[in-house]
Amino acid sequence: MVNFNRFTLANGLKVLVHEDATTPMAVLNILYDVGARDEEEGRTGFAHLFEHLMFGGSVNIPSYDEPLQRVGGENNAFTSNDITNYYITLPAANIETAFWLESDRMLSLAFSEKSLETQRNVVCEEFKQRYLNQPYGDVWLKLRPLAYQKHPYRWATIGQDLAQIENAKMEDVKAFFKKHYTPQNAILVVGGNVKTEEVKQLAEKWFGPIPAGDKYERNLPQEPEQVAERSLTVTADVPLNAIYKAFKMSGRTDANYQVFDLLSDILSQGQSSRLFNSLLKEQKLFSEINAYITSSLDEGLFVVEGKLVEGVSMEMAEKAIWKELELIATELVSDDELTKVKNKSESIMVFAEMSLLDKAMNLAYYELLGDAASLNVEINKYLSITAEQIRAVANTTFKKEKSSTLYYLANA
């Protein structure tokens, strides 16, 4: 159980406080409700570029890291298609430093051509290293636009292509910041050896004066229902042939989301899972095989991916995957299988409640979903899932006409 208090500043900033007197540390986590899905086609990669720019210093604090290191703090951030999240961990006695740093860059990020140039180069290097020069690195650059035709999930967080980041203009960057990095588009969570009253005073002092900004109304194009099978074949310098099969699934707040999550675990979590047992151990068709979900806020993807054992034909491998998917879509999973994945989910959630940073991040995320308190009842949604629900979801999802398949072939 993660306890918290909540209040909202006049400018719309939501603040959650998790008091924990058992630690000398504190965490300040700020989630901005902006991700790659909020970008425009042709100007992608901005949310991620911003994550880097936010560390380039603000108007009153030219070096972000220096003051933090002086008080024994650490910081980092991540961007996804849905959110951007920044966090600072430091001794609780120095919590005001975190408020000072975060509020200054929300109020007045330093937009210098030098900082933009530096961070643009960093992101371009990352694009090349992780997506272009790594075996299978460009899978998501290919699979996303295959699976999505209209929704901005068509592009990866890094962006559609390198040129869009290289050509990012200062005015575009400033406009993106003004639109999304506002108090009313953020959720601030402070956790650790702090008192709510103290946090309230610090929040008012440092974030209170920041103008609310214009309210961003999200109006994204809806993805039409997929009615025909899609596929793409690419050939590259990779060690083994691979297959990536994607199906649409419920968004994060849909009642079936947890069913999809358990379904992916039954298929592929651990060495006793179905795909591992059947396709890897028994039939020896794959050298690795996985099923997972993208956990997107809007309609996400259920993905089955595998690297084929040398000499195994793509046709044979794909047929074997379909056989497993059809089996789970027509026959009920056993009580043992279901209990095992439920227990695993429960232990993962309990474990996530042990780390102060995880608690802060989860509170922010569940608040974004609608209510941070739902974090404490999330496990009940998993424990109440039946074998019938698993079968029903598999039955409506795993259909040929709803699949998007990327065949990734090794150069002959």
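R154 is buried in this predicted model, with a relative accessible area of 15%, and since the cut-off for buried is under 20%, that value places R154 within the class. Its salt-bridge partner is E41, and the closest N and O atoms of the two are 2.3 Å apart. E41 lies in the loop between β3 (25-32) and α1 (46-53), while R154 lies in the loop between α5 (139-147) and α6 (162-166), so the pair ties together parts that are 113 residues apart in sequence. Buried or exposed, then, is E41? At 52% relative accessibility, E41 counts as exposed, whereas R154, as I said, is buried.

Let me stay with salt bridges for a moment, of which the structure holds 19. Another one joins R120 and E117, with the closest N and O atoms 2.6 Å apart. Here both residues sit in helix α4 (residues 113-132), three residues apart, and they are therefore separated by about one helical turn. R120 is buried, at a relative accessible area of 11%, but E117 is partly exposed, at 36%.

A further pair is E337 with R274, where the closest N and O atoms are 2.7 Å apart. E337 and R274 are both buried. There is also a network, in which salt bridges that share partners join R6, E367 and D371.

Now I would like to turn to strand β10, which spans residues 300-308 and is mostly covered, nine of its nine residues being buried.

Which strands pair with β10? One is β8 (residues 242-249), which pairs with β10 in the antiparallel sense over eight bridges, and within β10 it is V303 that stands opposite A246. Another is β9 (residues 286-293), also antiparallel to β10, over seven bridges, and there N290 has E305 of β10 as its bridge partner. The hairpin of β9 and β10 has six residues between the strands, and in that hairpin S295 takes a positive phi near 55°.

Finally, a word on K200, which is found in helix α8 (residues 196-206) and counts as partly exposed, at 32% relative accessibility. K200 and F7 are 193 residues apart in sequence, and yet their C-alpha atoms are 8.0 Å apart in space.

Technical notes: Residues are numbered from 1 along each chain as its sequence is written. This is a predicted model: local features need pLDDT of at least 70, side-chain atom pairs count only at pLDDT 80 or more; totals for chains, interfaces and linings use all residues. Side-chain values use heavy atoms; hydrogens and water are left out. Helices (H or I, at least four residues) and strands (E, at least two) are DSSP runs, numbered from the N terminus. Buried means under 20% relative accessible area, exposed over 50%, partly exposed in between (1.4 Å probe, protein chains only). Two strands pair if DSSP finds at least two bridges between them. A salt bridge is a side-chain nitrogen of Lys or Arg within 4 Å of a carboxyl oxygen of Asp or Glu.
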